[in-house]
Amino acid sequence: MPEGICIFAENYNGNLDNSVPELVTAAHVIKAATGEKIEAIVSSDQCRELSDQLVKLGVEEIYAVKTDHDPAFQDDSLSRVYAEMIRRIEPSAVLIPATPAGRSIFSRTAAILGCGMTADCTELLVAKRDDGSFYIKQNKPSFGDNVFVTIEMKPGVYPQMMTIRPGVFAPYENSGSSDAKVTYFDDIVMPASGVMVIETVPAAAATGSILGADTVVVGGRGAAAEGNMELLKQFADKIGAAVGCTRPIADTGVIPFEHQIGQTGATIHPRICISLGVSGAIQHTEGIKDTKLFVAVNTDENAPIYNVADYGINADMKEVLEAYMKL
C-alpha cells in the first residue's frame, strides 16, 4: 500500500522556492489525519545545500538525485527523473506548487506514471473510505471561477497528485530540529534534454512582489477609467505598496496577470490591503487571506467589498487618491 506525503522541492540557484514551506504546511494538514511521513524529492546539482534547507523545514525523509549541471527549465528530462523517484518511493500523495515549473514538470510526470493530477487546488480535505483507506478531497475553482469543485482520485490509483496554488497555505515554521534521512538515488541518471538554456534573465514583474508584500493596493474595474490606474500606481509607490488587480483589469493587460488576485490568480496575506474600485466578488476576495487592515474605496455604497473590509470609503477613488497625493 503506498504511503507517505511527498512534496516537490522546487529550487533555483541552490535555494528552495518560496512555495516549498507552504507545501510542508499542506502536508501537515494531511498528516494530521493519516499519520504519514512527510517526504521531499529534489533533483539539482546542489542537492546537499537544498537538503540542508529541507531538514530545517522539518521534512522527515529526503530523496535526491544529483545532476552534473543545473537542470532548470529542462522539464522533459526532469519529469522522467521524478517519475522514477516516485515509482521507488511509492507515496500516497504528491504535492506540487502551482508554478510554471511545477505544472510543466509534473503534468509530464503524471502522464508517465499513468495517474491523474488536479491543478490549482486551494483547499485539501482528508476523508476515509469504508475499507479504512484515506483519500484527499482536492478543492479548486473551475469554469472561470463560477463554481468550486471537489476532485477525488479513483480508489486504488496512486499517487494522488495535485498542484497547490502559492499563497493558499502559510509557510511552515519548524519549531525544533530535524534528523531527516537523506537518500541519494545514484543510479538514476538524468536523460539528455531537448531543451538548451542559452541565457536566463530576471522577470520584469515577479509574482513574489505581491505574495510577500506587507502592503498591497488593489485596482478593480473602477480603476479602469482614464487616468485612474496611473494615479493608483503613484499612490502605491508613495506608500511603498505592491500593486494587485482583479481579473477584469488583468484581462486588459494594463497590469500583468501575475498580479491578479483571486481564485484564478494569487492568494495574498498582506498586513494592509487597500482596494480601489473593487466590487468585492467572492472570486476575488477569496484570494485575500488574514489581512490585518482592509480598506475599501468604492462609489457603490452597496458594494460587496464592504462586507469584508474593516473600513469603507463611499467615494470616487480618483478624488480620494488626488487628495492623498497632495499631502
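A crossing of two helices is left-handed if the near helix is turned anticlockwise from the far one by less than a right angle, and right-handed if clockwise. The model is predicted: local features need pLDDT of at least 70, side-chain atom pairs count only at pLDDT 80 or more, and totals for chains, interfaces and linings use all residues. Residues are numbered from 1 along each chain as its sequence is written, and side-chain values use heavy atoms, without hydrogens and water.

**Exercise 1.** Describe the packing of helix 6 and helix 9.

*Solution.* Helices are DSSP runs (H or I, at least four residues), numbered from the N terminus. Axes are lines fitted to C-alpha atoms over the stretch in contact, and angles run from 0 to 180 degrees between N-to-C directions. Helix 6 is therefore oblique to helix 9 (under 35 degrees is roughly parallel, over 145 roughly antiparallel, 65 to 115 roughly perpendicular, the rest oblique). Their crossing is left-handed.

**Exercise 2.** State which residues of helix 6 and helix 9 meet, and classify them.

*Solution.* With contact meaning heavy atoms within 4.5 Å, N228, L231, L232, Q234, F235, K238 and I239 of helix 6 meet M317, K318, L321, E322, Y324 and M325 of helix 9. These contact residues comprise 8 nonpolar, 2 polar and 3 charged (Ala, Val, Leu, Ile, Met, Phe, Trp, Tyr, Cys and Pro are nonpolar; Asp, Glu, Lys and Arg charged; the others, Gly among them, polar).

Note on methods:
Helices (H or I, at least four residues) and strands (E, at least two) are DSSP runs, numbered from the N terminus.
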